[in-house]
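Biologist: Before we discuss particular residues, may I see the sequence and the structure?

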Amino acid sequence: TLVRDKVRPLAHPRLLLRIAASILLIIAAGIVVFYYSRTKATVFRTAADTRTITLPDGSRVTLNRNTLLSYDGEFGEAERTLSLEGEAFFEVVPDAERPFTISAENCDIKVLGTTFNVNAYDSLESVKVIVETGIVSLNAKRRGSKPIELLPGEVGVIRKSGAHISIAVNEDVNFLSWSTRHLVFVDESL
């Protein structure tokens, strides 16, 4: 009788398929972990107190009560963009290469380096920006709207129902009293 040698493959096709699937799964998991670690949002929320935080670029933000501030993991690399719900006072570090942008309700606020207050609570009918130093660009998010520039001592108001921006001189000397804990009264009766 003749005995034939059976030719055996080096590995069973199912085994090769399992190895390939395992390698692809490890690569996919690595990509997902890398992506989420880069885009993970940083969130700051206040309740009944105020809080001052320092952003990765060195800018300081003081959050009023019931305020939410968030930015993604790439903040400060190519751009400095964050979202705000509530009220905050910003002290932005100048950086001409990377403008500082705040998305609040129905508007975008852009600066290079300045100090200003943004009041954008959900319960209010408008978003209010008061500039202390520098220049702030205020733009409604509606199509066709044009940004306006606010100078020190000016207040810009965007009504949530429309894209119209009004500008006035800020006459409220106590607009930062929530942060400074000081109230100023001049020739006021008790």
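Modeller: Here is the model, which is predicted.

Biologist: Which residues touch the most other members of the largest nonpolar core?

Modeller: In soluble globular proteins, nonpolar side chains tend to be buried together. The largest nonpolar core here holds 32 residues. Strand β5 (residues 80-91) supplies its largest share, four residues. The members that touch the most others are Leu69, Phe90, Ile109, Phe116 and Val118.

Biologist: How many residues form the other core that lies apart from it?

Modeller: Among the members of that other core are Phe89, Ile130, Val157 and Phe175.

Biologist: Is aspartate 57 buried or exposed?

Modeller: Aspartate 57 lies in the loop between β2 (51-54) and β3 (60-63). Its relative accessible area is 16%. Because buried means under 20% relative accessible area, aspartate 57 counts as buried.

Biologist: With which side chain does the side chain of aspartate 57 make a polar contact?

Modeller: Not counting residues up to four places away in sequence, aspartate 57 touches Phe75, Arg80, Val93 and Phe100. A polar atom of the aspartate 57 side chain also lies 2.9 Å from the backbone nitrogen of serine 59. The side-chain polar contact, at 2.5 Å, is with arginine 80.

Terms used
Residues numbered from 1 in each chain as written. Predicted model: local features only at pLDDT ≥ 70, side-chain atom pairs only at ≥ 80, totals over all residues. Heavy atoms only, no water. Helix = DSSP H or I, 4+ residues; strand = E, 2+ residues; numbered from the N terminus. Buried < 20%, exposed > 50% of the residue type's maximum accessible area, 1.4 Å probe, protein only. Polar contact = N/O pair within 3.5 Å; in protein donor to acceptor, adjacent residues only side chain to side chain. Contact = heavy atoms within 4.5 Å. Core = buried A, V, L, I, M, F, W, Y, C linked by side-chain atoms within 4.5 Å.
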